[in-house]
Amino acid sequence: MEDLPEAPAPTNVELDRDQGLTVTWPDGSVVSFTLEELRVNCPCAECRGLREQHVPVWPKPSSPQPLAATGAELVGGWGVTLHWNDGHQTGIYSWGLLRAWS
């Protein structure tokens, strides 16, 4: 995984469990990520390994439809982890990663 620049913690993070994640950065910029975009690009080791093998991360034949986030937790001042309705919850979306995506 390539090194990502540090990013300051956002001033606001909002999760719409059916739509996606909206992040407001200290400079006032606001960026939204869809649930599918976040789930497919989950940064955890398992999902990175699947992508490297060209195996879909989501959806899988057993994946619940539609995709939904069942919750979220801040990981210190470093990032956020999302809990998914397919049971996955190990990816930590760092502020640097989200800022780079935006």
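Biologist: Why does Asp86 count as partly exposed?
Modeller: Asp86 has a relative accessibility of 26%. Buried needs a value under 20% and exposed one over 50%, so a value in between is called partly exposed. This is a predicted model, and the label applies to the model.

Biologist: What makes the contact of Arg39 and Asp86 a salt bridge?
Modeller: Their side chains meet at 3.1 Å, N to O. A side-chain nitrogen of Arg within 4 Å of a carboxyl oxygen of Asp meets the definition, so the name applies. Arg39 belongs to helix 1 (residues 35-40), while Asp86 sits in the loop between strand 5 and strand 6 (92-94), so the pair ties together parts 47 residues apart in sequence.

Biologist: Is Arg39 buried or exposed?
Modeller: Arg39 is buried, at 4% relative accessibility. The cut-off for buried is under 20%, so the label follows.

Biologist: How many salt bridges does a search of the whole structure find?
Modeller: The search finds two. One of them joins the side chains of Arg99 and Asp27, at 2.6 Å from N to O. Arg99 lies in helix 3 and Asp27 in the loop between strand 2 and strand 3, so this pair connects parts 72 residues apart in sequence.

Biologist: Why are Arg99 and Asp27 given separate accessibility labels?
Modeller: Arg99 has 30% relative accessibility and counts as partly exposed. Asp27 has a relative accessible area of 53% and is exposed. Exposed begins over 50%, and partly exposed covers the range between that and the buried cut-off, so each label follows from its value.

Biologist: What makes Phe33 and Trp101 an edge-to-face pair?
Modeller: Their ring centres are 6.2 Å apart and their planes stand at 65 degrees. Phe33 is in strand 3 and Trp101 in helix 3 (residues 95-101), so the pair ties together parts 68 residues apart in sequence.

Biologist: Which label, buried or partly exposed, goes to Phe33, and which to Trp101?
Modeller: Phe33 is buried, at 3% relative accessible area. Trp101 is partly exposed, at 32%.

Biologist: Why is the pair of Tyr93 and Trp101 called edge-to-face?
Modeller: The ring centres of Tyr93 and Trp101 are 6.3 Å apart with the planes at 70 degrees, so the pair is edge-to-face. Tyr93 itself is buried, with a relative accessible area of 1%. Through these ring pairs Phe33, Tyr93 and Trp101 are linked into a cluster.

Biologist: How many disulfides does the structure hold?
Modeller: It holds zero. Cys42 is in no disulfide, and the nearest cysteine sulfur, that of Cys44, is 3.7 Å away. For Cys47 the nearest cysteine sulfur is also that of Cys44, at 3.6 Å, and Cys47 is in no disulfide.

Biologist: Are Cys42 and Cys47 buried or exposed?
Modeller: Cys42 counts as buried at 1% relative accessibility. Cys47 is buried at 2%.

Biologist: How do you know that strand 4 and strand 5 pair?
Modeller: Strand 4 (residues 69-75) and strand 5 (residues 79-84) share six bridges in the antiparallel sense. Pairing requires at least two bridges, so they pair. Among the partners, Glu73 is bridged to Thr81 in strand 5. The hairpin has three residues between the strands, and Gly76 takes a positive phi near 55 degrees there.

Biologist: In what order do the strands of the open sheet stand?
Modeller: The order is 1-2-3, with antiparallel pairing. Strand 1 (12-16) and strand 3 (30-34) are the edge strands, each pairing on one side only. Five bridges join strand 2 (residues 20-24) to strand 3, and Gly20 stands opposite Thr34 in strand 3.

Biologist: Why is Ser63 called buried?
Modeller: Ser63 has a relative accessible area of 12%. Ser63 is in the loop between helix 2 (45-52) and strand 4. A polar atom of the Ser63 side chain lies 2.7 Å from the backbone nitrogen of Lys60.

Key: Residues numbered from 1 in each chain as written. Predicted model: local features only at pLDDT ≥ 70, side-chain atom pairs only at ≥ 80, totals over all residues. Heavy atoms only, no water. Helix = DSSP H or I, 4+ residues; strand = E, 2+ residues; numbered from the N terminus. Buried < 20%, exposed > 50% of the residue type's maximum accessible area, 1.4 Å probe, protein only. Polar contact = N/O pair within 3.5 Å; in protein donor to acceptor, adjacent residues only side chain to side chain. Phe/Tyr/Trp six-rings, centres within 6.5 Å; stacked < 30°, edge-to-face > 60°. Disulfide = S-S within 2.5 Å.
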